[in-house]
Amino acid sequence: MNFSFKEIVTASMVLFAVIDILGSIPIILSLRKKVGHIQSEKASIVAAVIMTAFLFVGERILGLIGIDVNSFAVAGALVIFFLALEMVLGITLFKDDEMETASVVPIAFPLIAGAGTLTSILTLRAEYHVENIIVAIVVNIIFVYAVLKSSAKIERLLSKNGLQVIRKVFGVILLAIAVKLFATNVNQLFTN
């Protein structure tokens, strides 16, 4: 076991920024208004299972289609970069279909364990030990569960402006992480 506090904190921060559960509070609130109740426990557990499964099986899936982890990490770094640009600039580059029901599907996937999150998990796998990424997933799922349970209180506490500030700060952090992941993995592609 190669537990590293630094790796756990970094991986947790990357996943926290990509999942952006605080920035998703307006979506969660509108879903709650439409259907009444969100199954926080079920959504959190399903998201954790999807993320953990992708951590272990994602690399094999890539192997089947002939893509190495470093190439996927470079592509993932680009996706993370554009997600961060959305957060910082307040623009929409990725268009999502309108969610109609607040079941496990729109909350667990794609809101929590979406394409950006799954890409980030494999990108992190290229640099960090698996056990540290698992701890980071668990930490984020606990936080996601807490936010889902108390989203209305959080909205009142932080206000719309507070949520925007948090989103922009994590967007800048995510930009820096994307640049670092890109640089590290591009070097790996050319040295192999």
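Guide: Ser 120 has its place in helix H6, where helices are DSSP runs of H or I with at least four residues, strands are E runs of at least two, and both are numbered from the N terminus. This is a predicted model, in which local features need pLDDT of at least 70 and side-chain atom pairs count only at pLDDT 80 or more, while totals for chains, interfaces and linings use all residues. Residues are numbered from 1 along each chain as its sequence is written, and side-chain values use heavy atoms, with hydrogens and water left out.

Visitor: Is Ser 120 buried or exposed?

Guide: Ser 120 is buried, because its relative accessible area is 1%; buried means under 20%, exposed over 50%, and partly exposed in between, with a 1.4 Å probe and protein chains only.

Visitor: And what is Ser 120 in contact with?

Guide: Setting aside neighbours within four places in sequence, Ser 120 is in contact with Val 14, Leu 15, Val 18 and Ile 80, where contact means heavy atoms within 4.5 Å.

Visitor: Which residues touch the most other members of the largest nonpolar core?

Guide: That core has 49 residues, and Leu 15, Met 51, Ile 107, Ile 112 and Ile 137 touch the most other members; a nonpolar core is a set of buried Ala, Val, Leu, Ile, Met, Phe, Trp, Tyr and Cys residues joined through side-chain atoms within 4.5 Å. The largest share of this core, eight residues, comes from H8.

Visitor: What does Ile 137 touch, then, leaving aside neighbours within four places?

Guide: Ile 137 is in contact with Leu 15, Ala 48, Met 51, Thr 52, Leu 55 and Ile 121.

Visitor: Switching to the surface, which residues make the nonpolar patch?

Guide: Phe 5, Val 9, Met 13, Val 165, Val 169 and Ile 173 make a nonpolar surface patch of about 530 Å², and the elements giving two or more residues to the patch are helix H1 (5–19) and helix H8 (151–191). Val 9, which is found in helix H1, counts as partly exposed because its relative accessibility is 36%.

Visitor: How many helices and strands are there overall?

Guide: The protein has eight helices and zero strands, and its C-alpha trace spans about 50 × 35 × 30 Å along the principal axes. Of the 192 residues, 44% are buried, and among contacts with a separation of 6 or more, 89% come from residues 24 or more positions apart.

How values were computed:
Patch = residues over 30% accessible without salt bridge, like charges linked within 9 Å, V, L, I, M, F, W, Y side chains within 5 Å. Areas by Shrake-Rupley, 256 points an atom, 1.4 Å probe, with all protein chains shown as cover. Salt bridge = Lys/Arg side-chain N within 4 Å of Asp/Glu carboxyl O.
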